[in-house]
Amino acid sequence: MAWFRKPQYGTISPDSRRQDIPGGLWVKCTACGDLVYRKDWEASLKVCPNCNYYSRLGARERLDLVLDHNSFKEYDANLTPVDFLNFTDSVPYKDRLTKAQENTGFMDACLTGEGRLSGHLVAIGALDFFFMGGSMGSVVGEKITRLIEQAAAKHSPLIIISASGGARMQEGVVSLMQMAKTSAAIARFSQTGGLYLSVLTDPATGGVMASFASLGDIIIAEEDALIGFAGPRVIEQTIRQKLPGGFQKADFVLEHGLIDMVVKRSELRDRLAKLLEMLT
Amino acid sequence: MEPGILDFERPIEQLENRVAELSRFSSTENIDLSDEINRLKERVIALKTNIFTNLTPWQKAQVARYSRRPLLSDYLPRLFTNFIELQGDRLFGDDLAIAAGLAKLDGETVAIIGHRKGKDTKSNLAVNFGMPHPEGYRKACRIMKLAEKFHLPLLTFIDTPGAYPGLGAEERGQAEAIAVNLAVLSSLRVPVIVVILGEGGSGGALAIGVGDRLLMLSNAIYSVASPEACAAILWKDRAKVEDAARALALTAQDMLRLKIIDEIIEEPLGGAHRDYDLITGRVKGSILKHLEELKKIDVEQLVQQRYERFRKIGEFEEVS
C-alpha cells in the first residue's frame with residue numbers, strides 16, 4: 001500500500017501532543033519508552049514500530065488517514081459551545097473550552113463534513129479525544145445529527161470515527177439528551193436504507209458508545225482500542241477487584257460478538273473502501 | 001428515632017414525635033391538650049414547608065434515593081389493575097432490575113417498563129440496587145416492540161442509579177443494549193409516556209426514557225452523571241458532592257427550565273414518602289391527562305413530534 005507512505009503525513013500539525021518529544025526529531029513511545037525516529041513513527045501512522053503501541057490521533061489526522069487527498073469539505077465549523085449552566089468545577093468550563101480550542105484549533109470535539117474515500121462520496125465525522133476527551137455536549141450532538149441528516153439527504157454512506165470518554169458533564173443532562181438525539185437520527189437514516197459504518201478508536205466509551213457509535217450497520221474497531229460502556233476504573237471501583245488483562249480491548253469485544261472486525265490502523269482505509277464498494 | 005433518616009428531616013421527626021407523645025398523654029390522662037397539640041401541628045407544617053421548599057440539589061438527590069420513598073412496586077398496585085409481569089430477554093436471562101409487563105389503566109391495556117429498586121439491603125441485592133444489566137434493557141426492548149405490535153401505549157418509570165458497570169454487563173454489550181433502546185424508542189409507533197419517579201441515573205435511565213411526554217416528580221433528579229461520580233472525576237474529591245449536585249443542574253425544576261420535561265408532578269409536603277396514595281393519585285392523573293392528548297395524535301405525526309422534541313435539545317451558538 002504505497003499510498004500510505006506519501007509525505008502528506010509529514011504535514012500533520014502535532015501541536016500539544018508533542019510535549020513528550022525531545023527536540024522533535026525523535027519520539028519517545030509512551031508505552032515502551034523507546035526512542036523512535038520521528039519519520040519512521042509517522043510512516044507507521046503513529047504506531048510504535050517496537051511495541052505496536054497506538055498513539056491517539058486527532059480528528060484531522062483521522063480524516064487524513066482515510067480520505068482521498070484534499071477531498072474533505074467541512075460542515076458546520078461555526079458551531080460553538082456555550083456554558084449555559086455556568087459550570088465550574090476545579091476549573092471553569094469556559095476556561096476548559098478555551099484551552100481545548102487553543103490546543104486543537106477546533107471549536108469543539110468533532111469534525112464533520114463530506115469527502116471522498118477511494119472515490120466514494122461519503123458523509124464523515126471524527127471525534128477528537130484531545131478536545132476534552134472527545135466528550136459529547138450540545139455541539140458534538142448537533143454536528144453528528146446534522147451529519148447524519150446530510151447523509152440521508154444526499155443518499156451518501158455515513159462514516160463516524162469515534163474516540164470519546166462519553167457525555168460531557170459540564171453541559172449536564174443536555175449532554176445526555178444528545179445520546180437520544182443522535183440515536184434517533186441514526187434510526188431514521190437506517191430506515192431509509194442508509195449505510196453507516198462505525199469506526200471505534202481508543203477509547204470508545206460512555207455516552208458515545210451507548211448511542212450512535214454502537215448503531216453502525218458494520219462496526220469496525222482499531223487494533224488495541226478500549227471499547228465499552230463504563231470505564232475500567234469505574235468497574236474496578238464497583239466490583240472491587242482488578243480487571244483481567246485485555247478486558248474491553250478490541251480483541252475482547254470482538255470475541256464477545258460486539259463488533260464485526262478489528263483492523264490495523266494501516267488497513268482501515270482499505271477496509272472501508274472495500275465495504276463501500278460492496279454495499280453501495 | 002428510626003435509623004437511616006435524612007439529617008434535614010430530623011427536626012420534623014422530633015416535632016412529630018412530640019405531637020404523638022402529647023396526644024397519648026392527653027388521652028391516657030384525660031387532659032385536654034388540643035390547643036397545644038394544634039399549635040405543634042401547625043409548627044410541623046411550617047417546619048416541613050420551610051425545609052422542603054428550601055432543599056438544596058444534593059438534599060433533593062437524597063430525597064430521590066430515600067429508602068422510604070415509594071418505589072415502582074408501590075406504584076404498580078395503586079396505578080393499575082391486573083398487572084401481569086413479562087420476563088426474560090429471550091437471549092440470556094431475566095434481569096430483575098427492570099420490571100416489565102402488561103396492566104390495565106382505568107380499563108385500558110398498557111405496556112409497562114420500569115426500574116425496580118428494593119426497600120432494604122436484602123431486597124436491593126435481589127434487584128442489584130436498580131442497576132440493570134444488558135438483558136434488562138433487552139427485555140425492555142422486547143416489551144417496546146410488543147407494545148408497538150399490539151398498539152398499546154407504553155408507560156415507563158425511571159428510578160435507577162444507572163446501568164450496572166460490571167464485567168458481565170460489559171461482556172454482554174451494555175452500551176449496545178442502551179443504544180438500541182434509544183433508537184427503538186425514538187421511532188416506536190405508539191404513545192410513550194415517561195415518568196421519572198426518583199433517580200434518573202444517566203444512560204441507564206435514558207435507555208427507557210425517550211418518549212412523547214416526560215413527567216417528573218418534584219423531588220426526583222435526572223443527571224448525566226451521579227453527583228458522586230462527577231465530584232470524583234471533575235473535582236477529584238468525592239466530598240464535593242454538594243457542589244457537583246448544584247453544578248449538574250439535576251433537579252426537576254432545572255429539567256423544566258431546560259425544556260427536558262413537560263411537567264412536574266408536585267409531591268406532598270415533606271416528600272412523596274409522606275403519602276403514597278396522594279402521590280400515586282397525582283401520577284395517575286397526570287398520566288391519564290397526557291395519554292388522552294397523545295391518543296388524539298396521528299401516529300406518523302406522533303413519531304415526527306417525538307423526533308423533533310429530542311432533535312432540538314442542545315445549547316450552542318452559530319458564529320458567522
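In this predicted model, the C-alpha centres of domain 1 and domain 2 of chain A lie 23 Å apart. The domain assignment places domain 1 of chain A at residues 1-55 and domain 2 of chain A at residues 56-279.

Chain B is also assigned two domains. Domain 1 of chain B covers residues 7-54, and domain 2 of chain B covers residues 61-311. The centres of these two domains, taken over C-alpha atoms, are separated by 36 Å. Nine residues of domain 1 of chain B and 10 residues of domain 2 of chain B take part in the contact.

About 760 Å² is buried between the two domains of chain B. Carbon and sulfur atoms give 54% of that area. On the domain 1 side, the most area is lost by B:Glu9, B:Lys48 and B:Phe52. Together these residues account for 61% of what that side buries.

Three salt bridges are counted between domain 1 and domain 2 of chain B. A salt bridge joins the side chains of B:Glu9 and B:Arg274, with an N to O distance of 3.1 Å. On the domain 1 side, helix H1 (10-29) and helix H2 (34-52) of chain B each give two or more residues. H2(B) gives the most, with four residues. By class, the residues of this side are four nonpolar, one polar and four charged.

The interface between the chains was examined next. Here 49 residues of chain B are in contact with 57 residues of chain A. The two chains bury about 4600 Å² between them. Carbon and sulfur atoms carry 70% of this area.

Three salt bridges are found across the interface of chain B and chain A. B:Arg311 and A:Glu142 form a salt bridge, and their closest N and O atoms are 3.0 Å apart. The count of residue pairs in polar contact between the chains is 16. Several elements of chain B supply at least two residues each to the side that touches chain A, among them helix H7 (167-171), helix H8 (174-186) and helix H14 (299-311). The largest share, nine residues, comes from H8(B). This side of chain B has 30 nonpolar, 10 polar and nine charged residues.

Strand S9 (316-318) of chain B is another of the contributing elements. S9(B) pairs with strand S4 (residues 79-81) of chain A in the antiparallel sense, over three bridges. Within S9(B), B:Glu317 stands opposite A:Thr80.

Conventions: Residues are numbered from 1 along each chain as its sequence is written. Chains are lettered from A and ligands numbered from 1 in the order in which they are written. This is a predicted model: local features need pLDDT of at least 70, side-chain atom pairs count only at pLDDT 80 or more; totals for chains, interfaces and linings use all residues. Side-chain values use heavy atoms; hydrogens and water are left out. Domain bounds come from an automatic or database domain assignment. Contact means heavy atoms within 4.5 Å. Buried area is the accessible area (1.4 Å probe) that two parts lose on being put together, summed over both. A salt bridge is a side-chain nitrogen of Lys or Arg within 4 Å of a carboxyl oxygen of Asp or Glu. Ala, Val, Leu, Ile, Met, Phe, Trp, Tyr, Cys and Pro count as nonpolar, Asp, Glu, Lys and Arg as charged, and the others, Gly among them, as polar. A polar contact is a pair of N or O atoms within 3.5 Å; within protein, one must be able to donate a hydrogen and the other to accept it, and residues adjacent in sequence count only if both atoms are side-chain atoms. Two strands pair if DSSP finds at least two bridges between them.
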